Amino acid sequence: MTKNRQVTVSTGSRLHFGLLTHRPKSGREFGGVGVMINSPGWTVSASVANNGSGKNTDCIVVADSAGLACPETESRVSRIVERFRQLPDANVPTLSIEVSQAIPSHRGLGSGTQLALATARAITACLEMGEVSAGKLAELTGRGLRSAVGTWGFGAGGLIVDGGKQETDAVGSMAARLKFPPDWRFLLISPQSFSGLSGEDEITAFRELPGMPQKTTDALCRLIVMEILPAIQNRDFNQASLALAEYGNLAGEYFAPAQGGVFIDPRMQEFSRLLAENGIEGFVQTSWGPTCAALCRDDDMASQAATLIQSSPGSDDYECAIAKPLNAGATIEVAEASDV
């Protein structure tokens, strides 16, 4: 009788407030700052398949709700498994993988990276391959090519400052990590009728954008070091809100030629003004959007912000959700099952 372990990995989502540089004349590329939130998230389980039926293909099962949130889930998981089989000296058996919860794709929440790392972590733990860092998982799965916030956030949670990458680096460096005030909340606002840039559109946008001006990078770095990090460390909600909005607007101005404005969804500018008029000033787009996040002091403020958005004219297409900061990495559960 042998033991077959089933490993279940659960993640949160990643908010990314904007890159620090693009095409610099010298030094590191990309970089940025962001934070992990508890929801939505992926839940991925992996075990060695029972091949009593004689089948030699992996069994990948995607729950209906997960498939609706991210239609590419099955193919993405399959590609990750194949990457493991292509490793030198790989001896990966036929696997059974189940995805029961998902992060919606192309919403600016880091869906692709979290799925890749969750699947890779489930496989390495299932096959008892030893401790593998988040950075190595990203390298194995081809993630972290630009932003490393989601990679290091998968491993540790919290607020992450990505220090960017040298040309030879697989993944950007984690320059700083802070626990985010646990009582603060993010109101996520997302239109349901269109998505942010991704795939070839994202590649084209990066190719066509000019280099980020050095003064913009300098200003963004100052905001992180002199405003955002101290505000988070000291739990200064007002300072954090103002600094976050300033950072997002400055980064958004650089990406405006590719996304049509500071926000890819022009309606978000109206929502930003509406919330600021009511004392909620920390409004920022995450990644390429279309999701935007409003920093709130607590659940009551987040509920107030949601009511303001949902009661504004023409907001039927917009979904609001309240998320908590996630100050820990992805969770892993291992269940040992006896097989004859």
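Arginine 146 is partly exposed, its relative accessible area being 25%, where buried means under 20% relative accessible area, exposed over 50% and partly exposed in between (1.4 Å probe, protein chains only). The model is predicted, so local features need pLDDT of at least 70 and side-chain atom pairs count only at pLDDT 80 or more, while totals for chains, interfaces and linings use all residues. Residues are numbered from 1 along each chain as its sequence is written, and side-chain values use heavy atoms, with hydrogens and water left out.

**Salt bridges**

- The structure holds 9 salt bridges, each defined as a side-chain nitrogen of Lys or Arg within 4 Å of a carboxyl oxygen of Asp or Glu.
- Arginine 146 pairs with glutamate 202 in one of these salt bridges, with the closest N and O atoms 3.4 Å apart; glutamate 202 lies in helix α6 (residues 199-208) and arginine 146 in the loop between α4 (134-141) and α5 (149-156), so that the pair links parts of the chain 56 residues apart.
- Helices (H or I, at least four residues) and strands (E, at least two) are DSSP runs, numbered from the N terminus.
- Glutamate 202 counts as buried at 18% relative accessibility.
- Arginine 222 in helix α7 (residues 214-234) and glutamate 246 in helix α8 (residues 237-259) are 24 residues apart, and their side chains meet in a salt bridge at 3.6 Å, N to O.
- Both of these residues count as partly exposed, arginine 222 at 37% relative accessibility and glutamate 246 at 41%.
- Arginine 28 forms a salt bridge with aspartate 169, the closest N and O atoms being 3.7 Å apart; arginine 28 sits in the loop between β2 (13-21) and β3 (30-37), and aspartate 169 in the loop between β7 (159-162) and β8 (174-178), 141 residues away.
- Arginine 28 has a relative accessible area of 34% and aspartate 169 one of 27%, and each is partly exposed.

- Beyond its neighbours within four places in sequence, phenylalanine 186 is in contact (heavy atoms within 4.5 Å) with residues including Leu15, Phe17, Leu244 and Ile322.
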